[in-house]
Amino acid sequence: MIYILKSDKDPITNQDDLLHNVRLLSLLQIQFHDFTLDLNDIEQVDYLLFTSKNALKAVINHRCFDLLKAKQALFLGEKSKNIWLQKGGKYAISPKDLQTIEYASGEQFARLIAPLVADKHVLYLCGKDKATDFKSLLHHSFVKEIIVYSSLESAHSHSPFVCSNDSVFSYKNPFEDESIFIFGSPKHYRIFCKYYGWNPSWLAISLGDTTFQSFGENVRKLNAKGNFQKALKVAQALCDTTPLQHNIPVDHVS
């Protein structure tokens, strides 16, 4: 069985074959903040910075969105960039626009955009538990952070319930040996281990470097370096022929 740990209920893929034996496990819930933006700050901003789809959602639903969408925006994720443009954003830049590959970690993205935003005013709209300290990495820029959401531990995190398509499945022993878990963030991994520990036969898949580096030393792990759909393709390919079954060591991709 494949378990996906993510906070939102946004569709992962429209490919039915990728959703075979897949369950969504929600241990975190998103709480959006009622944040304020000063009009003078907006006028002064040269670039907006987004590294989270939840931060983007918070801004799109904000009363100042019509002013913000005219600004140049930097996106860690290609999907978020496309959503921004679909919602009327005028300018959007992602790793794909700055290099030949689509994926970049937070630190890699900071290095990519550093020359672009040097001596510029950057408004970083982020979550409370941000994975990368862009304010320190972009030290030649004027970075202002505004926390627009928090990820909170779900009230049911300790209960062995797995949700899929609005149905609830209860298991006396919730997770089988050799299950595959796709973690959307380091916090998802931490909360999961807090309540369920870790079975050495399980396989953990991250979407990027930061989450991958949060996995324990003795955890069988892979770094999909992409989005949930890419991670699902990897998981489905491994589902019936996991490295443990064939006694093949998992490559610890950094």
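Among the contacts in this protein between residues at least 6 apart in sequence, 58% join residues at least 24 apart, where contact means heavy atoms within 4.5 Å. The model is a predicted one, in which local features need pLDDT of at least 70 and side-chain atom pairs count only at pLDDT 80 or more, while totals for chains, interfaces and linings use all residues. Residues are numbered from 1 along each chain as its sequence is written, and side-chain values use heavy atoms, with hydrogens and water left out.

Of the 254 residues of the protein, 47% count as buried, a term that stands for under 20% relative accessible area, with exposed meaning over 50% and partly exposed the range in between (1.4 Å probe, protein chains only).

Two packed helices are described by the angle between their axes and the distance between the axes. For helix H2 (residues 53-60) and helix H4 (residues 78-86), the axes come within 10 Å and cross at roughly 10°, the axes being lines fitted to C-alpha atoms over the stretch in contact, and the angles running from 0 to 180 degrees between N-to-C directions. H2 and H4 are therefore roughly parallel to each other, a description applied to angles under 35 degrees, whereas those over 145 count as roughly antiparallel, 65 to 115 as roughly perpendicular and the rest as oblique. In this contact, Lys53, Leu56, Val59 and Ile60 of H2 meet Lys79, Ser80, Ile83 and Trp84 of H4. The residues of the contact divide into five nonpolar, one polar and two charged, with Ala, Val, Leu, Ile, Met, Phe, Trp, Tyr, Cys and Pro counted as nonpolar, Asp, Glu, Lys and Arg as charged, and the others, Gly among them, as polar.

Which residues of H4 are buried? They are Glu78, Ser80, Lys81 and Trp84. Seen down the axis of H4, these buried residues fall within an arc of 160°, so they line one face of the helix; the arc is that of the directions from the helix axis to the C-beta atoms. The buried residues of H4 pack against strand E4 (47-50), H2, helix H3 (65-68), strand E5 (72-75), strand E6 (91-93) and helix H5 (95-98). H4 is followed by Gly88, whose phi is positive, near 105°.

Most residues other than glycine have a negative phi. Asp119, although not a glycine, has a positive phi of about 65°; Asp119 lies in the loop between helix H6 (106-117) and strand E7 (121-127) and is exposed, with a relative accessible area of 59%. Asn21, likewise not a glycine, has a positive phi of about 60°, and its place is in the loop between strand E1 (2-5) and strand E2 (22-25), where Asn21 is partly exposed at a relative accessible area of 36%.

Asn21 leads on to Met1, which touches Asn21, Val22, Arg23, Glu176, Ser179 and Ile180, not counting residues up to four places away in sequence. Met1 is found in the segment before E1 and is partly exposed, with a relative accessible area of 23%. The C-alpha atoms of Met1 and Gln236, 235 residues apart along the chain, are separated by 9.4 Å.

Conventions
Helix = DSSP H or I, 4+ residues; strand = E, 2+ residues; numbered from the N terminus.
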